Amino acid sequence: MRYKVTFVVGLALGYVLGTRAGRERYEQLKKSAHEFAQNPAVRNAAETAGHTGRQYAGKAFAAVSEKVGDAVPASLAGRVRGLRDRSGAGEDDWGTSNT
């Protein structure tokens, strides 16, 4: 997903920088992008996607830590935040609650 977004942003940037339409077209595109980003539906979708992504990342991180945690040497585990002993209460590494 990150690569698709990067591609689209690069495509838009290339268009804006490569266009011969001038400043007027640039301002029009900038205004359209701003309006799109400020749309409540778009903002809600982005927030929901971010929340869902953090949930799945947390689950994946926990599963990998469980499987690999004991196999990692102590010298390396001390350097990796997720492999250190955690209290389990409060927030996870992404700033979200563990509920």
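Modeller: Start with the surface. The accessible surface of the protein chain comes to about 8500 Å², and carbon and sulfur atoms hold 58% of that. Keep in mind that this is a predicted model.

Colleague: What makes up the fold, in order from the N terminus?

Modeller: The elements run α-α-α-α. That is four helices and zero strands.

Colleague: How much of the chain counts as buried?

Modeller: Buried means under 20% relative accessible area. Of the 99 residues in the protein chain, 7% are buried.

Colleague: Why do you say that helix 1 lies largely in the open?

Modeller: Helix 1 has 17 residues and the number buried is zero, so it lies largely in the open.

Colleague: What makes Met1, Val5 and Val9 a nonpolar surface patch?

Modeller: Patch residues need over 30% relative accessible area and no salt bridge, and nonpolar side chains are joined within 5 Å. Met1, Val5 and Val9 make such a patch, of about 330 Å². Val9 sits in helix 1.

Colleague: How do you know that the span of helix 3 is close to the expected one?

Modeller: The expected span is 1.5 Å times one less than the number of residues. Helix 3, residues 40–68, has 29 residues, which gives 42 Å expected; from first C-alpha to last it reaches 41 Å. The two values are close.

Terms used
Residues numbered from 1 in each chain as written. Predicted model: local features only at pLDDT ≥ 70, side-chain atom pairs only at ≥ 80, totals over all residues. Heavy atoms only, no water. Helix = DSSP H or I, 4+ residues; strand = E, 2+ residues; numbered from the N terminus. Buried < 20%, exposed > 50% of the residue type's maximum accessible area, 1.4 Å probe, protein only. Patch = residues over 30% accessible without salt bridge, like charges linked within 9 Å, V, L, I, M, F, W, Y side chains within 5 Å. Areas by Shrake-Rupley, 256 points an atom, 1.4 Å probe, with all protein chains shown as cover. Salt bridge = Lys/Arg side-chain N within 4 Å of Asp/Glu carboxyl O.
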